[in-house]
Amino acid sequence: MHVAYREDRERKHTLKYGENCRRLYQNTGKKRGGLWWTYVLTLVFKIGVDITFVYLLYHIYEGYDFPSLIKCEQKPCPNKVDCFISRPTEKRIFTLFMVVTSLVCILLSIFEILYLVGKRCRECFTSFHNSRQVMTNTLSSGSTLMESNSIKLTGKSTPETPAPSYSVAIS
């Protein structure tokens, strides 16, 4: 949904400013900024819900075990009554299946968060390393330094953005 929103926004921007305009997004399909944080927070929320489910189920049924017989002494019963739970083995198997599935989802979500954070850290480190290396190469190269000085001395100022088209100037 977010990718479709970005593509639509990019399309409207191109229609408004022309084909040669600067792009809003380098890659509309990549998780960046708010989309990345929303995705990570969704994973954290999902982990919290799954942990809450496993914890509550453990405390409600005292260890994921369904007894086949419970002694009941609540009203309206006048004395202790034997209450039988129907199909306790099926309920136990299904409950264990749900608990194992929740634990696997928790584990996979944790791995995904670690992957996303690790990937972002690697990208930051790589971009920092590359920018530092480019800066070092630029400063150590005399020819690049001379070319940048000669451009400044010419005094020609070229606008970085093209003039608006006729349809943009009218509206």
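## Starting with contacts

Two residues are in contact here when they have heavy atoms within 4.5 Å of each other. With that in hand, take Thr95: leaving aside its neighbours within four places in sequence, Thr95 is in contact with Leu57, Tyr64 and Phe66. Thr95 has its place in helix α3, residues 88-140. Is Thr95 buried or exposed? Its relative accessible area is 6%, and buried means under 20%, so Thr95 counts as buried.

The protein averages a pLDDT of 77, and 70% of the residues score at least 70. Which helix has the highest confidence, and which element the lowest? Helix α2 (residues 34-60) is highest, at a mean of 91, while helix α4 (residues 142-154) is lowest, at 49.

Over residues 143-155 the pLDDT stays under 50, and the model has 1 contact beyond four places in sequence for this stretch. Where pLDDT is low, the predicted coordinates should not be read in detail.

## The overall layout

Now for the big picture. The secondary structure comes to 5 helices and 2 strands. Read from the N terminus on, the elements run α-α-β-β-α-α-α.

The protein has 171 residues, of which 15% count as buried. Its accessible surface comes to about 14,400 Å², and 64% of that belongs to carbon and sulfur atoms. Among contacts with a separation of 6 or more, 54% join residues 24 or more positions apart.

## Two annotated spans

The UniProt record, an unreviewed entry, places the feature "transmembrane region" at residues 36-58 and 93-117. In the model, residues 36-58 are 100% helix and 0% strand, with end C-alpha atoms 33 Å apart. Residues 93-117 are also 100% helix and 0% strand, and their end C-alpha atoms lie 36 Å apart.

## A look along helix α2

How does the span of α2 fit with its number of residues? At 1.5 Å a residue, its 27 residues should span 39 Å, and the end C-alpha atoms are 38 Å apart, which agrees.

The buried residues of α2 are Leu35, Trp36, Val40, Leu43, Ile47, Asp50, Val54 and Leu57. As you read that list, keep this in mind: an α-helix has 3.6 residues a turn, so residues three or four places apart point the same way. After α2 comes Glu62, whose phi is positive, near 55°.

## The nonpolar core

Which residues make up the largest nonpolar core? There are 7 in all: Trp36, Val40, Leu43, Ile47, Ile106, Ile113 and Leu116. The elements that give two or more residues to this core are α2 and α3. The largest share, 4 residues, comes from α2.

Not counting residues up to four places away in sequence, Ile106 touches Ile47, Asp50 and Ile51.

Ser109 sits in helix α3. With a relative accessible area of 4%, Ser109 is buried. Which residues does Ser109 contact, leaving aside its neighbours within four places in sequence? They are Leu43, Lys46 and Ile47.

Lys46 lies in helix α2 and is partly exposed, with a relative accessible area of 36%. Not counting residues up to four places away in sequence, Lys46 touches Cys105 and Ser109. Lys46 and Ser109 are 63 residues apart along the chain, and their C-alpha atoms are separated by 7.9 Å.

## Two exposed residues

Leu108 lies in helix α3. Is Leu108 buried or exposed? Its relative accessible area is 52%, and exposed means over 50%, so Leu108 counts as exposed. Leu108 and Ile47 are 61 residues apart in sequence and 9.5 Å apart in space, C-alpha to C-alpha.

Arg87 has its place in the loop between β2 (81-84) and α3. Arg87 is exposed, with a relative accessible area of 60%. Its phi is near 50°, a positive value in a residue other than glycine.

Definitions and conventions
Residues are numbered from 1 along each chain as its sequence is written. This is a predicted model: local features need pLDDT of at least 70, side-chain atom pairs count only at pLDDT 80 or more; totals for chains, interfaces and linings use all residues. Side-chain values use heavy atoms; hydrogens and water are left out. pLDDT is the predictor's confidence in each residue, from 0 to 100. UniProt positions are given in the numbering used here, feature names are shortened, and annotations may be inferred rather than shown by experiment. The expected span of a helix is 1.5 Å times one less than its number of residues. Buried means under 20% relative accessible area, exposed over 50%, partly exposed in between (1.4 Å probe, protein chains only). A nonpolar core is a set of buried Ala, Val, Leu, Ile, Met, Phe, Trp, Tyr and Cys residues joined through side-chain atoms within 4.5 Å. Accessible areas come from the Shrake-Rupley method with a 1.4 Å probe; for residues, only the protein chains shown count as cover.
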